[in-house]
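Here are a few exercises to work through with the model open in your viewer. Try each one before you read its solution.

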Amino acid sequence: MASPTARSVADTTLPGQIGRFVPSQCLGRGAQGIVYQAHDPELGREVAIKTLKRLSKDDTLLKNEARNVSNLQHQCIVPLYEIGQHDGSPYLVYRLEEGVSLRSLLDQGEALKEIRACEIFIQLLEAINYAHQQGILHRDLKPNNILIDSKDTPHILDFGVSAVIGNPDTKTDLVGSANYMAPETLSNAVVEQNSDIFSLSVIFHEMLTGKNLFTANNQKAVIYKILNEPVLGPSNFNRRINKKLDSIVMKGLERAPADRYRSCSQMKQALETYLGKDKVDVPIVDNTQGKKGALEFLLRKINRQPDFPAISKHISEITRKTANIDHNDTGELSQIILQDYALTTKLLRLVNSATYGQYGGQTTTVSRAVVILGYKQVRLAALSIMLFEHLSNANQASALKDSACTSFMSGVISRHLASGDKELDVEEVFIASMFHRLGKHLTIYYFPEEFAEIESLISNRGKAENVASHEVLGVAYQELGCAIAKEWQLPDNITSCMRPASSGTIKASKNKQERIAQLSALSNEISHIVATQDKDENHEAMEQLCERYKKLLHTTPKKINNILKDSIKEVTDYADILKFDVRSSQFFKKIVTDYSEPEEHTADSNNPLQQAVNSARNPARGSEQEQQEALHSIQEHTMLFINGISEITEALLSDYEINQIITMVLETIYRGMGFTRVMFCIRDNRNQGIVARFGLGKEIEDIIP
């Protein structure tokens with residue numbers, strides 16, 4: 001029953017005693033009776049007492065029903081302790097429950113988040129299904145009879161009230177609230193389990209929309225609507241709701257009982273199938289489990305939208321192949337990278353750029369890049385390319401591109417910050433800083449409306465980002481990022497860097513990994529400051545940042561400004577190498593304006609930024625462009641083939657293993673000739689046959705056997 005945390009009803013004269021119980025305050029009034037908080041002097045506990053205005057016609061039925069209800073033992077059902085009579089009317093004694101009514105939440109005029117609504121509703125279904133298995137119907141389910149505690153666990157009230165009051169004789173003499181009653185209840189037909197399901201479905205509809213489903217000026221008009229008027233799915237009132245969820249709600253709202261779900265268990269299974277989980281989860285009973293439930297829901301929703309183009313698969317496979325640095329199968333790693341033409345092209349551009357210029361010569365095959373760079377460097381380079389390429393070209397162009405550019409800038413800044421530390425791998429620091437805000441990237445991409453709400457809480461109510469994201473999503477950004485990183489099998493040293501730095505002065509790092517995490521957080525905080533504040537106004541913020549991180553490294557706002565200038569050039573060069581469009585990012589425009597030297601804004605034909613602008617203003621048109629592209633493709637394949645042969649020749653004269661050379665041969669044929677697949681086969685003289693050993697191309701692993 002309602003708790004002392006619920007608002008008490010003022011101006012109510014308390015009875016001196018109800019049975020042996022001593023009322024202390026009135027918790028609520030309704031058509032059926034009054035609810036009091038009271039003290040039980042015999043057992044020394046606080047209870048909730050509901051006094052009723054009407055008597056059951058059969059006292060034996062009343063006691064039997066109360067006995068059955070008192071045996072219900074479920075965490076989401078408020079237990080009935082006992083039944084008694086006071087001044088000729090019955091009263092029911094319940095456990096005093098903490099929480100606020102679902103009615104109060106809905107009266108705020110906003111729908112519950114789909115995540116939260118689904119998790120709460122699943123628990124309601126479990127509880128009502130349990131009661132039905134004990135042969136007990138509720139018959140008066142409504143938001144007023146559901147308390148939600150601080151852990152988002154629902155508690156159902158008033159089991160047994162309908163039995164105590166007695167069954168209605170006519171439609172105008174109703175038990176409970178007509179707004180939530182099934183058509184058969186209103187028509188005096190047989191009431192069964194799926195009558196409770198109808199009531200639950202009305203409640204679910206209202207949770208998802210924030211609006212009353214059946215409303216009218218009087219009870220007769222409400223009854224007419226339930227019996228006759230068509231009902232629209234929740235997505236018609238709340239565009240955030242998936243239409244697939246509509247079908248589940250609407251099946252529960254079918255007028256004919258036979259057309260509804262046969263049981264709460266069946267409806268729960270349908271909802272879990274929609275959510276992407278087919279196994280019954282442990283009900284949410286604490287903050288940890290509540291957070292886990294929200295996180296699992298987000299992950300299921302992400303997995304239902306596999307348009308993060310192959311990034312998770314590629315990242316997982318590349319990470320798995322590079323887990324053992326001593327592993328020597330160049331072909332396996334090359335095959336993964338070669339599955340993605342864009343990744344292949346960009347990786348080779350990066351290898352041949354000044355970034356890796358210390359290796360010398362021109363590299364045209366991925367297999368040679370793997371050999372000369374090493375597995376770890378290939379993994380780090382591929383991760384940076386895949387993440388930035390996808391984020392900067394996704395549908396939520398503006399916000400996501402800004403977020404991607406901010407993270408990329410953070411990575412470059414961290415390179416500079418770590419440059420004097422010989423113990424650190426600057427490429428590893430770069431990647432850790434880039435992935436630091438993965439959870440935010442994912443939210444912008446998959447949950448744009450929730451992201452907008454988070455931003456509103458930050459800007460309008462001054463809430464911290466981790467608090468706002470937790471309030472809207474059920475988990476903070478970093479928790480979502482860490483979960484995805486685990487799913488992608490990213491190394492722990494990257495995942496651990498996704499967590500924000502602690503508040504206050506940052507302590508000196510205890511080990512190399514902690515230092516990388518601190519540098520990652522610092523570089524991202526620098527990017528956040530330059531993104532949200534004007535240069536003339538952020539000096540104080542930069543000074544506070546330098547003071548906060550002084551035990552990590554000694555720096556000043558002036559040094560950070562110089563790092564930002566150098567970083568702008570690096571980001572520009574890197575983006576030009578990989579053909580990324582950073583110029584259209586509002587974030588990048590701002591930092592170029594705030595921190596670039598004046599000459600960097602001149603119309604220099606050799607300036608990569610200016611080249612990008614000029615290219616955008618003068619695009620090729622029509623068939624001429626297509627012909628040029630076709631010619632370029634032929635030339636590209638020819639050069640790949642020629643350069644590949646040159647690399648193979650050089651490898652034969654160098655200290656390369658035979659499997660590495662064979663892989664280079666296959667890759668040269670595969671890319672240089674533009675083939676779909678290529679396989680290396682060996683003649684088996686003993687069995688007079690040809691045996692395929694390995695190859696490159698689509699579904700090659702399935703074809704080789």
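**Exercise 1.** Which residues lie nearest the centre of the second largest pocket, and how many residues line that pocket?

*Solution.* Before you start, note that this is a predicted model: local features need pLDDT of at least 70 and side-chain atom pairs pLDDT 80 or more, while totals for chains, interfaces and linings use all residues. Residues are numbered from 1 along each chain as its sequence is written, and side-chain values use heavy atoms, with hydrogens and water left out.

Step 1: find Arg437, Lys440, Glu465, Asn524 and His528, which lie nearest the centre. The lining has 39 residues in total. (On a 1 Å grid over the protein atoms alone, a pocket is an open set of points where a 1.4 Å probe fits, with protein on both sides within 12 Å along at least five of seven lines; lining residues have an atom within 4 Å of a point.)

Step 2: sort the lining by class, and you get 16 nonpolar, 14 polar and 9 charged residues.

Step 3: look for the main contributor. H23 gives the largest share of the lining, 8 residues. (Helices are DSSP runs of H or I with at least four residues, numbered from the N terminus.)

**Exercise 2.** Why do the buried residues of H20 line one face of the helix?

*Solution.* Step 1: pick out Ala468, Ser469, Val472 and Leu473, which are buried (under 20% relative accessible area, 1.4 Å probe, protein chains only).

Step 2: look down the axis of H20; its buried residues fall within an arc of 105°, so they line one face.

Step 3: go just past H20, where glycine 474 has a positive phi of about 95°.

Key
Helix = DSSP H or I, 4+ residues; strand = E, 2+ residues; numbered from the N terminus. Nonpolar A, V, L, I, M, F, W, Y, C, P; charged D, E, K, R; others polar. Buried < 20%, exposed > 50% of the residue type's maximum accessible area, 1.4 Å probe, protein only. Arc of directions from axis to C-beta.
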